[in-house]
Amino acid sequence: MIILPHGGYALIPATLATMAWMTSLSLDGCDYARLTGPAVESLTNSNIYPYVEIGFHSYRIPSFYSDFELWKLRFSDPCVAYNIFDEQQHEDFDEEGKQQFDAPVVIDPTGGFFWSIGSMSHKIGTIVGGAATMFLW
């Protein structure tokens, strides 16, 4: 009885599919894209960071290593949840003339149509990739 009649080449697609699927499962949720430019300052409220890595629900800020003179990400650092407030505070006066401020309005960057499509595509891709991997084995 021959176990692999076509040779070991039949294992290559299954091995590569398994490695790709395991890599997609190991993402921690805040490392899908790198954001640069003025949007970094508005997200972090600081102008010292050259970039951040963003995900669907959180982002990660890089650390500066003075020995190497460069910014690097430490994947052991925790992800920072999006906490973006509307900067426009609405002033109002009550009957006695005292100034009242409304509570800050939280802006949810994950509420858009394309963000939802991207999140669902990621979930479907993980499920279909896992099913294809199991099928190949």
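Is Asn-45 buried or exposed? Asn-45 is exposed, at a relative accessible area of 67%; exposed means over 50%, buried under 20% and partly exposed in between, with a 1.4 Å probe and protein chains only. I will come back to that residue after the overview.

First, the ground rules. This is a predicted model, in which local features need pLDDT of at least 70 and side-chain atom pairs count only at pLDDT 80 or more, while totals for chains, interfaces and linings use all residues. Residues are numbered from 1 along each chain as its sequence is written, and side-chain values use heavy atoms, with hydrogens and water left out.

Now the chain. It has three helices and ten strands; both are DSSP runs numbered from the N terminus, helices being H or I with at least four residues and strands E with at least two. In sequence order the pattern is α-β-α-β-β-β-β-β-β-β-β-β-α. Of its 137 residues, 19% count as buried. The accessible surface is about 10,300 Å², and carbon and sulfur atoms hold 63% of that; the areas come from the Shrake-Rupley method with a 1.4 Å probe, and for residues only the protein chains shown count as cover. For contacts between residues at least 6 apart in sequence, 35% join residues at least 24 apart, where contact means heavy atoms within 4.5 Å.

Back to the backbone. Most residues other than glycine have a negative phi. Asn-45 has a positive phi of about 60° and is not a glycine. It is placed in the loop between helix H2 (38-44) and strand E2 (51-54). Glu-69 also has a positive phi, near 60°. Glu-69 lies in the loop between strand E4 (63-65) and strand E5 (70-72), and it counts as exposed at 59% relative accessibility.

Which residues is Ser-58 in contact with, leaving aside its neighbours within four places in sequence? They are Gly-29, Cys-30, Cys-79, Val-80, Ala-81 and Tyr-82.

On the surface, Tyr-9, Ile-12, Leu-16 and Met-19 form a nonpolar patch with about 480 Å² of accessible area together. Patch residues have over 30% relative accessible area and no salt bridge; like charges are joined within 9 Å and nonpolar side chains (Val, Leu, Ile, Met, Phe, Trp, Tyr) within 5 Å. A salt bridge is a side-chain nitrogen of Lys or Arg within 4 Å of a carboxyl oxygen of Asp or Glu. Ile-12 belongs to helix H1 (residues 11-25) and is partly exposed at 45%.

Last, the rings. A search of the whole structure finds two aromatic pairs. Rings of Phe, Tyr and Trp (its six-membered ring) pair if their centres lie within 6.5 Å; planes under 30 degrees apart are stacked, over 60 edge-to-face and the rest tilted. Tyr-49 and Trp-71 have ring centres 5.8 Å apart and planes at 70°, so this pair is edge-to-face. Tyr-49 is in the loop between H2 and E2 and Trp-71 in strand E5, so the pair ties together parts 22 residues apart in sequence. Tyr-49 is partly exposed at 24%, and Trp-71 is partly exposed at 25%. Ring pairs link Tyr-49, Phe-64 and Trp-71 into a cluster.

Separately, the charged end of Arg-34 sits over the ring of Tyr-51, 3.9 Å from its centre; the criterion is NZ of Lys or CZ of Arg within 6 Å of the ring centre and within 35 degrees of the ring normal.
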